[in-house]
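Visitor: I am new to this structure and would like a short tour. Could you take me through it?

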Amino acid sequence: MDFAKGHGTENDFVLLRDLDVAIDLQPSRVDALCDRRRGIGADGVLRVARSGALLERGVLSELPSGLDHDDWFMDYRNADGSIAEMCGNGVRVFAHYLRSSGLESRSDFVVGSRAGARPVTVHSADNTDADVTVHMGEVRDLGRSSAMVAGRKFDGVGIDVGNPHLACVDAELDSGALRTLDLSSQPEFDADVFPHGVNIEFVTVPRDGAVDMRVFERGVGETRSCGTGTVAAAAAALRFDGAENGVVKVRVLGGEVEVRIADGVGELRGPSKLVASGTVSDAWWASLR
Ligand SMILES: N[C@@H](CCC[C@H](N)C(=O)O)C(=O)O
């Protein structure tokens, strides 16, 4: 089984090219593949296939809105094997892989996700680096909620970007305090508001159009970046300033991305890097249960 490894601002993925949808991605296998000691190591897995093939093989029960059979589909799995609706950094890396592997030659095309179609613009791409904009769709308000970290309460706003987020812009959180926040375990959150779990962003107040962010991802733990999380953080930061629309630079542990929010719709621009490719041992893969 061939794989590629890539990351978007150090949110890293194993990509599996599976146009026939023949690979069984049961959770225990994804978990092992993403394990940084037992496997290759990654925050998630991106199966590369077309929407129609995933539908025919029963991986999708229906085509998400706006997708045609021929559209590419990013079949995303979190490191613990759970399925998530969307992954913003993943879409950039997925689009980069399509271009670098020769599967796609256009600069503008659609990448499907369980949250629906996510059109991309590939501004530049070579075999290692790319610069990609993802049209992230609707940014929906889920109301106010809060998270607890080490006995400290963080107020935030629930935001749906295809997947659920709680973005906590905190006036007392400067970049130093953000750095020392202990995100080694799951922050507490209100399961009545987020019955399917939530990705939680801790965000400094906007200054000169930029914020710093750390994130604890559902199904993964702390990651060095989360693309959908940066869109949620940008929306929350704009709202903190009393604005609905604008452009926000979001600095994460693994780099920096630019988010544009206009009329309730998000756009994410940032880098992608492809760092390796190789073969997963068939015997090892078959031995996983
Ligand atoms: N890292 C991703 C988000 C991946 C999914 C998330 N963990 C979830 O369960 O919703 C991103 O870049 O958006």
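**Around the ligand**

Guide: The shell around the ligand is made up of four nonpolar, 12 polar and two charged residues. Please keep in mind that this is a predicted model.

Visitor: Which residues are the closest to the ligand?

Guide: Of the 18 residues that surround the ligand, the closest are Ala84, Asn89, Asn163, Gly227 and Thr228. Helices α3 and α5 each supply at least two residues of this shell.

Visitor: How many residues of domain 1 and domain 2 are in contact?

Guide: On the domain 1 side 22 residues are in contact with 19 residues of domain 2. Helix α3 and strand β7 (129-138) each supply at least two residues of the side of domain 1 that touches domain 2. The largest share of that side, three residues, comes from α3. By class, the side has six nonpolar, 11 polar and five charged residues.

Visitor: And what separates the centres of the domains?

Guide: Taken over C-alpha atoms, the centres of domain 1 and domain 2 are separated by 24 Å.

Visitor: Let us change topic. Where does UniProt place the "active site"?

Guide: The UniProt record, an unreviewed entry, places the feature "active site" at Cys87 and Cys226. These residues span 140 residues in sequence, yet no two of their C-alpha atoms are more than 7.5 Å apart, so they gather at one spot.

Visitor: Is Cys87 buried or exposed?

Guide: Cys87 counts as buried, because it has 31 C-beta neighbours inside 10 Å. Cys87 is found in the loop between β4 (72-78) and α3 (88-100). Leaving aside neighbours within four places in sequence, Cys87 is in contact with Gly44, Tyr76, Gly227 and Thr228.

Visitor: Where does Cys226 lie, and what does it touch?

Guide: Cys226 lies in the loop between β14 (221-223) and α5 (227-240). With 35 C-beta neighbours inside 10 Å, Cys226 counts as buried. Not counting residues up to four places away in sequence, Cys226 touches Asn11, Asn89, Asn199, Val215 and Glu217.

Visitor: Which residues does UniProt list for "binding site"?

Guide: The unreviewed UniProt entry lists Asn11, Asn78, Gly88, Asn89, Asn163, Asn199, Glu217, Arg218, Gly227 and Thr228.

Visitor: Where is Gly88 found?

Guide: Gly88 is found in helix α3. With 28 C-beta neighbours inside 10 Å, Gly88 counts as buried. Leaving aside neighbours within four places in sequence, the contacts of Gly88 include Val134, Met136, Gly227 and Thr228.

Visitor: What about Asn199: buried or exposed?

Guide: Asn199 is buried, with 24 other C-beta atoms within 10 Å. Asn199 lies in strand β12. Among the residues it touches, not counting those up to four places away in sequence, are Asn163, Glu217, Arg218 and Cys226.

Visitor: How many residues of α5 are buried?

Guide: Helix α5 is mostly covered, with 12 of its 14 residues buried. The buried residues include Gly227, Thr228 and Leu238. The 14 residues of α5 should span 20 Å at 1.5 Å a residue, and the end C-alpha atoms are 20 Å apart, which agrees. Just after α5, Gly242 takes a positive phi of about 75°.

Visitor: Which residue other than glycine has a positive phi near 50°?

Guide: Asp208 has a phi near 50°. Asp208 is in the loop between β12 (199-203) and β13 (210-217). With 6 other C-beta atoms within 10 Å, Asp208 is exposed. Val21 also has a positive phi, of about 50°, although it is not a glycine. Val21 lies in the loop between β2 (11-17) and α1 (27-34). Val21 is buried, with 21 other C-beta atoms within 10 Å.

Technical notes: Residues numbered from 1 in each chain as written. Predicted model: local features only at pLDDT ≥ 70, side-chain atom pairs only at ≥ 80, totals over all residues. UniProt positions renumbered as here; feature names shortened; annotations may be inferred. Helix = DSSP H or I, 4+ residues; strand = E, 2+ residues; numbered from the N terminus. Buried ≥ 20, exposed ≤ 12 C-beta atoms within 10 Å, placed from the backbone. Contact = placed C-beta atoms within 7 Å. Near = placed C-beta within 6 Å. Nonpolar A, V, L, I, M, F, W, Y, C, P; charged D, E, K, R; others polar. Domains from an automatic or database assignment. Expected span 1.5 Å × (residues − 1).
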